[in-house]
Amino acid sequence: VEFYKMAMDFRPAQRTQLTAQLIQYLTEQEETLLVAEILEEAMKSPGNPRLKAAYGQMLAQTLMTITYDQEEAGDRKEALKTITRAQDAMPGNPLLTYRRAWLEWRNGHPEAAITIFESLIEEKNFREFEKDSQLHNLLKQCHFLLSAILVEQGDTAAGQKILESVYEYD
């Protein structure tokens, strides 16, 4: 990593190529934390806006992967911080928003999770994603989890109403 960083400083014209090589190597070594660090640095350096957007997408995916590892290790608070970083790298991504709501709920913040799920459901509708089965299923999962959280909070009627809207559509 230090070698590549020095090479990037020494040969700025080759920074993109060196960054790609380093990311590939670290990915193969399953060093996701280092991959995220390199991508965050790459996004800060001057360069092509399209390339920065690609780095942002890669960073968001890498950080989301890290949240699963953190949650599995029992570090849910850190996972919540990490998903926030992922959302900063790729704002407006529904999958990251879903993951954020899930982590809020798992961290004992059901009200925050409810707010996030409701805003995602309000923003997106089933018909909008009929041709994209992955997003369509994600939206269903939002409804199901929101319903479960509401029932868990004692609002069975609201939870039932959400499920009925899903079943009415599908």
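Guide: A salt bridge is a side-chain nitrogen of Lys or Arg within 4 Å of a carboxyl oxygen of Asp or Glu. The structure above is a predicted model, in which local features need pLDDT of at least 70 and side-chain atom pairs count only at pLDDT 80 or more, while totals for chains, interfaces and linings use all residues. Residues are numbered from 1 along each chain as its sequence is written, and side-chain values use heavy atoms, with hydrogens and water left out.

Visitor: How many salt bridges does that rule give?

Guide: The count comes to 8 salt bridges. One of them joins Arg99 to Glu71, with the closest N and O atoms 2.9 Å apart. Arg99 lies in helix H6 and Glu71 in helix H4, so this pair ties together parts that are 28 residues apart in sequence. Helices here are DSSP runs (H or I, at least four residues; strands are E, at least two), numbered from the N terminus.

Visitor: Are Arg99 and Glu71 buried or exposed?

Guide: Check the cut-offs before you look: buried means under 20% relative accessible area, exposed over 50%, partly exposed in between (1.4 Å probe, protein chains only). Arg99 and Glu71 are both buried. Arg15 and Asp9 make another salt bridge, at 3.6 Å from N to O. There, Arg15 counts as partly exposed because its relative accessibility is 24%, and Asp9, at 58%, counts as exposed.

Visitor: How many helices and strands does the chain have?

Guide: There are 9 helices and 0 strands. The C-alpha trace spans about 65 × 35 × 25 Å along its principal axes, and 39% of the 170 residues count as buried.

Visitor: Which residues have the most contacts inside the largest nonpolar core?

Guide: A nonpolar core is a set of buried Ala, Val, Leu, Ile, Met, Phe, Trp, Tyr and Cys residues joined through side-chain atoms within 4.5 Å. The largest one has 24 residues, and Leu39, Leu59, Leu63, Ile83, Ala86 and Leu96 have the most contacts inside it. Helices giving two or more residues to this core are H1 (2–10), H2 (15–28), H3 (32–44), H4 (49–72), H5 (76–89) and H6 (94–106). H4 gives the most, with 6 residues. A second, separate core has 17 residues, including Ile114, Ile121, Cys142 and Leu145.

Visitor: What is Ile83 in contact with?

Guide: Contact means heavy atoms within 4.5 Å. Leaving aside neighbours within four places in sequence, Ile83 touches Met64, Thr67, Leu96, Arg99, Arg100 and Leu103. Ile83 is one of the buried residues of H5, along with Ala79, Leu80, Thr82, Ala86, Gln87 and Ala89. What covers these buried residues includes H3, H4 and H6.

Visitor: How many aromatic pairs does the structure hold?

Guide: Rings of Phe, Tyr and Trp (its six-membered ring) pair if their centres lie within 6.5 Å; planes under 30 degrees apart count as stacked, over 60 as edge-to-face and the rest as tilted. The structure holds 3 such pairs. Trp102 and Trp105 have ring centres 5.2 Å apart and planes at 65°, so that pair is edge-to-face. Both lie in H6, 3 residues apart.

Visitor: Which ring does Arg99 lie over?

Guide: A charge sits over a ring if NZ of Lys or CZ of Arg is within 6 Å of the ring centre and within 35 degrees of the ring normal. Arg99 lies over the face of Tyr68, 3.8 Å from the ring centre. The charged end of Arg106 sits over the ring of Trp105, 5.9 Å from its centre.
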